[in-house]
Amino acid sequence: MNRFEALVNYAKTYGFVYQGSEIYGGLSNTWDFGPLGVTLKKLIKDAWWFEFVEKDPQMVGLDSAILMHPKVWEASGHVGGFSDPLIDCKSCKTRHRADHLIAQANLGLDADGLSNEAIEKIIKDHAIKCPKCGKSDFTSIRSFNLMFKTALGVTEESAQDIYLRPETAQGIFLNFKNVQRTSRLKVPFGIAQIGKSFRNEITPGNFIFRTREFEQCEIEFFCAPGTEKEWFNTYKAKMAAFLEGLGITKDHLKFHDHPAEKLSHYSNMTTDVEYLFPWGFDELWGLASRTDFDLKQHQTYSGETLDYIDPLTNERYIPYVVEPSLGVERLFLALLNEAYEEEVIGEETRTLLKISPKLAPYQVAVFPLIKKRHQDLSDQLFASLLGTFRVTKDDAGAIGRRYRRQDAIGTPVCITIDDESLDHQTVTLRDRDTMEQVSVPINELVKTLHERFK
Ligand code: ATP
């Protein structure tokens with residue numbers, strides 16, 4: 001089993017991520033987050049919200065609807081342009097993303113932003129092979145729109161075609177005026193949103209890396225035209241600091257700046273934060289300077305003015321926008337990959353999740369050494385820590401096994417109640433990473449734990 005397979009296996013075994021619709025044989029590339037997974041996901045989102053919203057007086061939050069007026073996606077360009085190049089192998093019928101075929105062929109060529117004709121030419125000229133069957137016999141490329149279509153309405157005649165949003169961003173643009181007016185904000189300011197997005201990806205895969213339903217943490221930061229570069233660089237630094245603060249090794253991160261000729265039509269600067277996933281560096285977080293494209297488009301399509309009047313200069317303009325857009329599941333996978341270890345100790349292998357106490361699903365586990373003798377005090381202590389820490393308890397099996405299980409799910413501290421606890425009101429505190437044990441008076445426990453988790 002390679003590391004990636006081991007990681008996926010680990011996530012399923014310990015209740016982080018399950019196969020979606022498993023009892024019906026599964027629905028491919030859908031995933032359900034189990035008890036530990038949902039906690040980790042929430043902690044990731046909370047950490048992001050705390051860092052980018054609560055700590056920033058220029059930022060406010062929003063939760064806009066997933067279903068939006070169909071014209072939104074005409075204005076944003078998604079109806080006409082949000083598609084991937086799809087190509088089929090004539091021999092084995094496997095469907096591929098044509099740009100990915102080029103990337104996988106390791107020719108040093110990047111198909112991002114190229115026309116379908118240009119991509120087809122590269123595939124032919126280099127006789128790129130189907131990764132499944134090895135033949136080089138493909139159909140021509142068709143553009144495949146990634147938006148999920150559904151119908152809004154009770155009868156077929158009255159139903160209106162609408163889409164599940166493929167990004168949360170557009171809901172922010174639609175509310176730019178509402179938020180600016182009601183929050184009495186002056187440019188520069190930002191609007192942040194966390195929510196589900198849907199894309200009918202041609203080739204989902206790599207576990208939770210690319211799925212058709214995922215969550216995004218997005219910010220649209222509105223600034224005066226001409227200042228976008230400064231904000232772009234500010235966010236670049238903030239994003240790197242945030243990831244490193246969560247425990248991601250600096251060397252496992254790099255920026256991939258998009259060259260000018262490859263930029264999307266709406267962007268004058270784009271970079272991706274790439275993380276070293278088990279299969280190599282890949283996109284974790286996008287940062288795009290989107291100019292005034294979106295607000296201008298919505299102004300045109302809706303007929304509502306979406307400009308801003310500077311209260312000091314009386315200047316009227318459409319703000320420029322800088323957009324950092326993060327996939328929650330991608331960060332989840334990156335964090336598991338960073339923290340997951342198989343530590344060999346003599347004959348034994350210890351599974352360890354060396355995750356920051358900020359993100360550990362449980363921060364503390366409380367055990368009675370001997371169930372019959374120490375259970376009452378253990379339960380009392382457990383109850384006293386509930387609500388202050390994320391705490392769990394375990395009284396079944398040998399103490400060593402109980403430690404190992406907590407190591408595996410990343411619990412930084414285990415507390416054991418033994419005879420010393422009954423006689424001298426102390427507990428044994430065991431550290432996940434060093435396995436060191438120290439004795440701590442019960443009345444100093446909360447303070448000691450707070451210090452450890454700082
Ligand atoms: P990719 O090139 O990997 O398809 P993208 O450039 O289309 O991604 P964006 O549109 O910039 O992605 O979306 C912003 C972020 O949302 C990405 O950096 C990623 O973290 C996340 N994301 C996008 N698509 C998916 C997906 N299908 N599954 C999970 N996360 C996704």
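Which residues are linked with Glu343 in a network of salt bridges? Select Glu348, Arg350, Arg404, Asp407 and Arg430 along with Glu343, and you have the network on screen. Keep in mind as you click around that this is a predicted model. The structure holds 31 salt bridges, so let's pick out a few others.

Go to arginine 97 and aspartate 84. Their side chains meet in a salt bridge, 3.3 Å from N to O. Arginine 97 sits in strand E5 (residues 95-97) and aspartate 84 in strand E4 (residues 83-88), so the pair ties together parts 13 residues apart in sequence. Both arginine 97 and aspartate 84 are buried.

Now select arginine 95 and aspartate 88, another salt bridge, with the closest N and O atoms 2.8 Å apart. Here arginine 95 is partly exposed at 44% relative accessible area, whereas aspartate 88 counts as buried at 11%.

Next stop: the ligand. Show the 15 residues around it; Glu201, Arg210, Thr211, Glu283 and Leu284 come nearest. Glutamate 201 and arginine 210 also form a salt bridge with each other, at 3.7 Å between the closest N and O atoms, and both are buried.

Taken alone the ligand exposes 590 Å², and the protein buries 81% of that.

To finish, colour strands E10 (213-223), E13 (280-291) and E16 (320-327), the elements that each give two or more residues to the shell around the ligand. E13 has the largest share, four residues. By type, the shell divides into five nonpolar, five polar and five charged residues.

Note on methods: Residues numbered from 1 in each chain as written. Predicted model: local features only at pLDDT ≥ 70, side-chain atom pairs only at ≥ 80, totals over all residues. Heavy atoms only, no water. Near = heavy atom within 4 Å. Areas by Shrake-Rupley, 256 points an atom, 1.4 Å probe, with all protein chains shown as cover. Nonpolar A, V, L, I, M, F, W, Y, C, P; charged D, E, K, R; others polar. Salt bridge = Lys/Arg side-chain N within 4 Å of Asp/Glu carboxyl O. Buried < 20%, exposed > 50% of the residue type's maximum accessible area, 1.4 Å probe, protein only.
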